[in-house]
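This report describes the fold, the packing and a few individual residues of one protein chain.

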Amino acid sequence: MAIQSGKPTVIFDFGGVLYEIDFHNCVTTFKNMGVPDFDKHYSKATQSGLFQDFEKGLLSSNQFVDKLNEKIDLRLDKEKVKTAWNSLLVGYLDENLSVLTEIKNDFNLILLSNTNEIHHSQFSAELKNLYGANFEDLFDEVLFSHKVNMRKPDFEIYDRAKSNIPNNSRVVFIDDSIQNIESAERAGITSFHFGQNQSLKDQLPGILAKLNE
């Protein structure tokens with residue numbers, strides 16, 4: 001798949017739009033492992049520098065676990081930390097994911113996601129096992145933060161997303177984080193704030209209407 005001139009472009013966030021994530025579950029899992037204040041370091045709204053660096057691909061998985069152990073002043077087993085970290089991941093939102101196949105012939109589709117090496121490995125394997133697909137089968141361009149060494153809400157990643165979109169293509173960006181929506185708008189990208197537990201199919205008319213604003 002490749003981005004085509006003349007087609008409108010829809011940029012999708014991943015977690016919260018196409019895949020269900022549960023920050024509370026992750027916090028609870030770490031709390032049960034002896035980390036009572038994990039939410040001070042990582043939440044939907046705020047991530048400390050360690051997590052931002054991991055999402056930018058500046059740390060390997062093992063480096064991340066080592067630095068996390070230093071931050072929480074514990075020596076948790078690496079595999080147990082990775083399992084706890086993956087407890088954030090709930091699963092694909094099947095109905096929302098099916099929208100991609102319904103619209104892909106009429107729109108350029110871009111995936112723009114903040115993620116990291118551990119999560120990426122997990123949900124990529126799930127996609128292959130459940131649907132027999134890779135992300136490149138579903139999208140014309142795939143931008144994972146840890147692969148491009150930049151993350152939302154920094155302007156540079158929006159510039160990167162726009163760099164391969166033809167000038168004659170209208171663009172709308174969908175994200176469940178209001179801070180990412182606001183920064184994308186400031187970067188010149190028309191955006192749609194996707195609410196928790198919304199149906200992408202139900203919201204699609206409003207999303208596509210944004211292309212005509």
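Leaving aside residues up to four places away in sequence, threonine 115 touches Phe54, Glu55, His120, Phe123, Phe144, Ser145 and His146. The model is a predicted one. Threonine 115 sits in the loop that links β4 and α7. Its relative accessible area is 3%, so threonine 115 is classed as buried.

**Overall fold**

The protein has twelve helices and seven strands. Its radius of gyration is 17 Å, close to the 17 Å that the globule rule gives for 213 residues, so the protein is as compact as a globular protein of that length. Along the principal axes, its C-alpha atoms fill a box of roughly 55 × 35 × 25 Å. Of the 213 residues, 51% are buried. The exposed surface comes to about 10100 Å², and carbon and sulfur atoms supply 44% of that area. Among contacts between residues at least 6 apart in sequence, 71% join residues at least 24 apart.

In soluble globular proteins, nonpolar side chains tend to be buried together. Here the largest nonpolar core holds 30 residues, of which Phe12, Leu18, Phe135, Phe139 and Ile174 touch the most other members. Two or more residues of this core come from each of β1, β3, α6, β4, α7, α8, β6 (171–175) and α12. The greatest contribution is that of α6, with four residues. Another core, of 21 residues, lies apart from this one, and Phe23, Leu59, Ala84 and Ile118 are among its members.

Beyond residues up to four places away in sequence, leucine 18 touches Phe12, Asp13, Tyr92, Leu93, Asn96, Leu97, Leu100, Leu111, Phe139 and Leu200.

Which residues of α6 are buried? In this helix, which spans residues 94–103, they are Asn96, Leu97, Val99, Leu100 and Ile103. These residues cover an arc of only 140 degrees around the axis, which puts them on the same side of α6. Their cover includes β1 (9–12), β3 (89–92), β4 (108–113), α7 (117–131), α8 (135–138) and α12 (200–209).

In α12, the buried residues are Leu200, Leu204 and Ile207. Viewed down the axis of α12, they fall within an arc of 80 degrees, so they line one face of the helix. An α-helix has 3.6 residues a turn, so residues three or four places apart point the same way. The buried residues of α12 pack against β1, α6, β6 and β7 (191–193). Asp202 and Pro205 are exposed on the other side of α12.

**Aromatic rings**

A pair of aromatic rings is described by the distance of the centres and the angle of the planes. The count of aromatic pairs in this model is 18. In one of them, phenylalanine 30 and phenylalanine 38 have ring centres 4.1 Å apart and planes at 10 degrees; planes under 30 degrees apart count as stacked, so this pair is stacked. Phe14, Tyr19, Tyr92, Phe123, Tyr131, Phe135 and Phe144 form one aromatic cluster.

The cut-off for a buried residue is a relative accessible area under 20%.

| Residue | Relative accessibility | Class |
|---|---|---|
| Phenylalanine 30 | 1% | buried |
| Phenylalanine 38 | 0% | buried |
| Valine 27 | 13% | buried |

Valine 27 belongs to helix α1 (residues 23–32). Not counting residues up to four places away in sequence, valine 27 touches Phe38, Asp39 and Tyr42. Valine 27 and tryptophan 85 are 58 residues apart along the chain, and their C-alpha atoms are separated by 9.0 Å.

Where does aspartate 106 lie? Aspartate 106 is in the loop between α6 and β4. Aspartate 106 is in contact with Lys7 and Pro8, leaving aside its neighbours within four places in sequence. From threonine 9, aspartate 106 is 97 residues away in sequence and 9.0 Å away in space, C-alpha to C-alpha.

Technical notes:
Residues are numbered from 1 along each chain as its sequence is written. This is a predicted model: local features need pLDDT of at least 70, side-chain atom pairs count only at pLDDT 80 or more; totals for chains, interfaces and linings use all residues. Side-chain values use heavy atoms; hydrogens and water are left out. Rings of Phe, Tyr and Trp (its six-membered ring) pair if their centres lie within 6.5 Å; planes under 30 degrees apart count as stacked, over 60 as edge-to-face and the rest as tilted. Buried means under 20% relative accessible area, exposed over 50%, partly exposed in between (1.4 Å probe, protein chains only). The arc is that of the directions from the helix axis to the C-beta atoms. Contact means heavy atoms within 4.5 Å. The radius of gyration is taken over C-alpha atoms; the globule rule is 2.2 Å times the number of residues to the power 0.38. Accessible areas come from the Shrake-Rupley method with a 1.4 Å probe; for residues, only the protein chains shown count as cover. A nonpolar core is a set of buried Ala, Val, Leu, Ile, Met, Phe, Trp, Tyr and Cys residues joined through side-chain atoms within 4.5 Å.
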